[in-house]
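Have a look at the picture, then read on.

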Amino acid sequence: MKNTKQSFSLFRILIKAVLFFVVLNFLFILAKDVPIGNISLYNLVFPGRSRLPFGENPSLAYNLSMYNLDAMISSHTVSSSEKDEDYKVFLIGDSSVWGFLQKPDVTLAGLLEQKNQACEKQPVKIYNLGYPSLSVLKDAMIIEKVQHLHPDLILWLVTLESLPVSTQLNTPLVENNALLVNKILSEYGLHGLQPLKTKIWEHTLISRRREIADLIRLQLYGVLWSATGIDQEYPSQYTPALRDFETDLTFHEFEIGRMDEDQLALDIITQTIRQHKETSFIVINEPILISKGRNSDIRYNFYYPRWAFDQYREIIQAEMDESGIKYYDFWNLIPETHFTNSAIHLDVDGESIFADKISTLISENCQKQ
Amino acid sequence: MTILHIAVFILSAWIIRSLGERPAAMWLIFAISILSLFWLQPVSPIRTLDYWLPAMMIALSILTWLVINPKQESLLANNQITLIILPVIIIGISLLRYAQLSFLSAWINPTKIGWALLFVISIAALVFLMIKGNISQSIMARCLIIIAILIFIAIKYEPLTTKLSYALRKLNHQSTDLASAQEIAWVGYSYFAFRLIHVIRDWQTGRKISINLREFIAYIFYFPAIIAGPIARIENFAYELQNRANQVTQAHTFESSKRIMHGVLCKFILADSLSLMPLNTTTVQQASGSIWMWIIIYAYALRLYLDFSGYTEIAIGISGLLGIKLPENFQRPYLSENLTIFWNRWHITLTQWFRTYYFNPLTRFIRTYRVQLPAAWIIFLTQMSTMLLIGLWHGINLNFIAWGFWNGLGLFLHNRWSEWSKQHFKSDNKNEWVAGSVKCISIFLTFNFIALGWVWFAMPTLNDSIIAFAKLFGF
């Protein structure tokens, strides 16, 4: 009799626990739009990060790759930039903007910040909002998420590798932000890309456990970020970018010799800029490595055969002119010796040359909207 | 121990308890303990080492059991089923090598059947010799203690462990260039050695315990406590084992489940989160100011406690589900008012072990020695050497010696201060506020002394430790 009573009581507890768990998961589905990532210790207990969280080796980088854009932006100094007295310049782009292998103060944004520029007597404040993946859709997502911080000028650095339509949805940050991606595709009228499929259970607590764990981890890494100022692994040696190539003329799935404009996601750039009329935009074709090695007569670098990049430059220039978007082409600005481990990553001297150029651009385009 | 191990152990405990007082329950505890020993041993780059280490532990346990039992022919007859099952398990595991199951290679890397048979025959011959031959049990007991300590030194002294790895690789015809101390990770050996020495020393001092081989093996390799203890005393464990059915009540089950959940929270959520702020050479070099260094030190101190106490709670909880009460290992140590209290609350079963088998005998020896030493000297010698030994138990290097010295000196100074203050101050302070403040300050000072001590513990070299101290104090 006693045993039956005990089993019954245990059974009731189990049922209650299961019910509680189901209800909790259901509540998470209802709260799928709640920006939990906005809860952050950065800019409050810890200083904000100089660039968005990204880390392939968290234990050495004191940083991690995550997918919650709200949390990423909340951990950034940009989130504490509510002050209106600054002229706020946001740098958007790929790993070259983020600053692979470079300490925060010698990235493009870091060097620009050190120039202490002013715009109509307002101090110019530069924010590094680059993120290491090649997709302009990912850039559009970041732009959408930081609009509430009222940027005065957005410098959008692009390269051909971030433009093929076929690769736009393939980066982890895009794949794991279906709600935001679909919102952008629908509101910006980007019909060339298929919306991402979302399933109801993807919003449950169980499915979001990794996201929540990453949020907590990001806060914990705040201690070592504050203690060391380190946010990426700096290897003592790295493999330099390739200078010698095979006789390969292919570029993604493009027909060799013909850069099809429809296969480039330039509409993401034009529509994003159109969508955010209150902000000034400048689109910049970022510098690439122009190799002098074997088969460099047919390829500029690991990413680009010459035919593809040459045609792309003409296409983007025409598209930007047609859309009335300020556009600058700095593709050949940096000598080959200033590239590090990739055809778009610069060393400090390369960043410095680039920063001088961008600094002039900011001065020329400086006007408060 | 991973979440998978814990889940399997909980399930095993549930099955065993559902068997009640049936003999099968006891056999299951025995079998699961043996199999867990092999399962928990990580696969080593040295071929088949992860098979041989547990096998050797089983062999040493059988020999120890023979030592502590009276030499009688009936001993084998009364334990014949266990004596059959043990070699069957050892040979059976080696047969997995031929099962062609790829997933097993991540768990165990067994030896060839011929070697397993040779090993079993050798142990059987030794057992036969011990029963029938003239091998003195007391000599055998001494030999077993020496073997246990020598193995301990071999796996805790890194240069020796590297040499051992080199020798084992050579024996296995593997590249000796890759030999490293990390390859010989003998999971659970420390606790195994403590239990073995405890049993032998008790037997040597005349404390007899009647226990069959099955229960003895279950005690030595009790699956919830293989990796991180606690170290139960054999007579208590035997009592708990025999009376476990009385402990399987709803209240016990709730309490045990609570302990498991609390342990999982401490270990896998809190301690693992704090491990993101490690105290190591890199972070010490990179840390930019003393405040952050203090935060890193505190995070490490908390992590160490939560990690270890979490494991202990899981072990106590799983064991509680079986109805077997294991001793407590931690009692809010960081809230201790002085070092003596701290060492009575931190890793309790280990300190009790050292007190019983080292500190007390040494104190007795010195006190009865023909040359009489002053009391302060006796306290210094016994406390310091005990703490040095506890330090060496963690690893034989200068940093663990420094950690032992730090704590030994702390204990001695506290002892002297207590003696002195007893004579000079009246301790019965009636003012609650003053008493509370003194208590808070004492806890704060004790915690910080212990936390600073962890610098020696966590850093790989004395030089790194000194750099850490310099940063902590802003130099």
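This is a predicted model: local features need pLDDT of at least 70, side-chain atom pairs count only at pLDDT 80 or more; totals for chains, interfaces and linings use all residues.

## Getting started

Two residues are in contact here if their C-beta atoms, placed from the backbone, lie within 7 Å. Take Pro327(B): setting aside neighbours within four places in sequence, Pro327(B) touches Pro230(B), Ala232(B), Ile348(B) and Thr349(B).

Residues are numbered from 1 along each chain as its sequence is written, while chains are lettered from A and ligands numbered from 1 in the order in which they are written.

## Chain B as a whole

Chain B has 21 helices and zero strands; helices (H or I, at least four residues) and strands (E, at least two) are DSSP runs, numbered from the N terminus. Its C-alpha trace spans about 70 × 55 × 50 Å along the principal axes. The radius of gyration, taken over C-alpha atoms, is compared with a globule rule of 2.2 Å times the number of residues to the power 0.38. For 475 residues a compact globule would come out near 23 Å, and chain B, at 24 Å, agrees.

Of those 475 residues, 36% count as buried. Buried means 20 or more other C-beta atoms within 10 Å of the residue's own, exposed means 12 or fewer, and partly exposed is in between, with C-beta atoms placed from the backbone. Among contacts in chain B between residues at least 6 apart in sequence, 73% join residues at least 24 apart.

## Back to Pro327(B)

So where does Pro327(B) lie? Pro327(B) sits in the loop between α15 and α16 (339–345) of chain B. It counts as partly exposed because it has 17 C-beta neighbours inside 10 Å. From Ile295(B), Pro327(B) is 32 residues away in sequence and 32 Å away in space, C-alpha to C-alpha.

## Two helix pairs

Two packed helices are described by the angle between their axes and the distance between the axes. The axes are lines fitted to C-alpha atoms, for helices over the stretch in contact, and angles run from 0 to 180 degrees between N-to-C directions. Under 35 degrees counts as roughly parallel, over 145 as roughly antiparallel, 65 to 115 as roughly perpendicular and the rest as oblique.

In chain B, α3 (residues 49–68) packs against α5 (residues 80–95) at about 175°, with axes 11 Å apart, so α3(B) and α5(B) are roughly antiparallel. Tyr51(B), Ala55(B) and Ile58(B) of α3(B) make the contact with Leu86(B), Ile90(B), Ile93(B) and Ser94(B) of α5(B). Then there are α7 (residues 137–156) and α8 (residues 158–171) of chain B, at about 95° with axes 5 Å apart, and therefore roughly perpendicular. Here Ile153(B), Ala154(B) and Ile155(B) in α7(B) meet Leu160(B), Thr161(B) and Leu164(B) in α8(B).

## Cores

A nonpolar core is a set of buried Ala, Val, Leu, Ile, Met, Phe, Trp, Tyr and Cys residues joined through C-beta atoms within 7 Å. The largest one has 123 residues, and those with the most contacts inside it are Val89(A), Leu91(A), Ile92(A), Leu155(A) and Trp156(A). α15(B) gives the most to this core, with eight residues. Apart from it lies another core, of 71 residues, including Ile46(B), Ile217(B), Tyr219(B) and Leu322(B).

## Where the chains meet

The contact between the chains takes 13 residues from chain A and 11 residues from chain B. On the chain B side, α13 (250–274), α14 (281–286) and α15 (290–322) each supply at least two residues. α15(B) gives the most to that side, with three residues.
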